[in-house]
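Please walk me through the helices and aromatic contacts of this structure. Keep the explanation brisk.

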Amino acid sequence: MTALTDREKSRRGSRIPITVVIALAILGVVVVAAVAGRIISPYDPYTQDLLRGATGSDRTHWLGTDDMGRDVLSRLIDGTGRSVLGPLCVAMGTVIVGASAGLAAGYNGGALDNVLNRFADLVYALPALLVAIVLLGILGGSYWLTVAILVFLSVPSAIRIVGSVTRVQVRLPYIDSAKTLGLTDSRIMIRHVLPNIAPTVLAVFLLDFVGALVAFSSLSFLGIGIAPGAADWGSMLSQGQTMISENPWVAVAPAACLILTGSAATIFGDWFFNRLSDSGERK
């Protein structure tokens, strides 16, 4: 009876909740739109029809058109890649740089740990979005410069989080056992410590992705970090403010995309983090 109960618990634990399924479906749609935006767009997102202007949804334009007669759905799809690629690069850059530094600092301690933590404290204390606006205003608001600045501003949190969980791992007996066997510090960090802190690294990645998604959209809403006229969820939301009465979809659609994408990434990340943590505990 006990074995049967354990088996049932295992089956229940392996089931994917409906909220996670919905989140995966949303993320799948976002990925398809980002990769094949121009192919699946019903119209050219940059073709103007000034005589038509801003109109509501109809059979030919499901989300209507903006003030220049451009199809809103096509611009929404085309802007997906631009809206998601930057945040994805920020999250990847933050994890590569911040997690590596945090792992090294937490494992070695000493001067390296102190220097990196003081650097993290200094940058972490700055108002990130305000600093990004000032730097991009001075240096020029190019897309990839925005990515680089947001990576720089996001790295400190990754250093602090990964460093703290690494320090916990260093106190565990398996580290002393590995050193006794003659394994090098780099091998211990990569082959043993890193797999054990993988759930935390994943959490950092997804949190940085959602944070960068909001930051990118905020900057493009202000007209920073995006080329004039380019389709992007943040800039579409900004443009849509002036035509709410003519076609509310110009603002509502990109806002919904931002909310759904951020929520889906958070839900999936939370579930996957728990699965990885449970798997580590069973080991």
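The model is predicted. Start with helix 7, which covers residues 143-170 and has 28 residues. From its first C-alpha to its last, helix 7 reaches 39 Å. That is close to the 40 Å expected at 1.5 Å a residue. Still, helix 7 has a kink of about 30° at Ser154.

Now the aromatic rings. A search of the whole structure finds six aromatic pairs. In one of them, the ring centres of Phe268 and Trp271 lie 6.1 Å apart. Their planes meet at 40°, so this pair is tilted. Both residues belong to helix 12, residues 249-282. They are three residues apart, about one turn of the helix. An α-helix has 3.6 residues a turn, so residues three or four places apart point the same way.

Trp271 has a relative accessible area of 17%. The cut-off for buried is under 20%, so Trp271 is buried. Phe268, at 21% relative accessibility, counts as partly exposed. Trp271 also pairs with Phe272. That pair is tilted too, with 6.3 Å centre to centre and 35° between the planes. Phe272 has a relative accessible area of 31% and is partly exposed.

Two further aromatic features remain. Tyr143, Trp144 and Phe216 form one aromatic cluster. Elsewhere, a charge meets a ring: Arg160 lies over the face of Tyr124, 4.8 Å from the ring centre.

Conventions
Residues numbered from 1 in each chain as written. Predicted model: local features only at pLDDT ≥ 70, side-chain atom pairs only at ≥ 80, totals over all residues. Heavy atoms only, no water. Helix = DSSP H or I, 4+ residues; strand = E, 2+ residues; numbered from the N terminus. Expected span 1.5 Å × (residues − 1). Bend = angle between axes of the 7 residues up to and from the residue. Phe/Tyr/Trp six-rings, centres within 6.5 Å; stacked < 30°, edge-to-face > 60°. Buried < 20%, exposed > 50% of the residue type's maximum accessible area, 1.4 Å probe, protein only. Lys NZ or Arg CZ within 6 Å of the ring centre and 35° of its normal.
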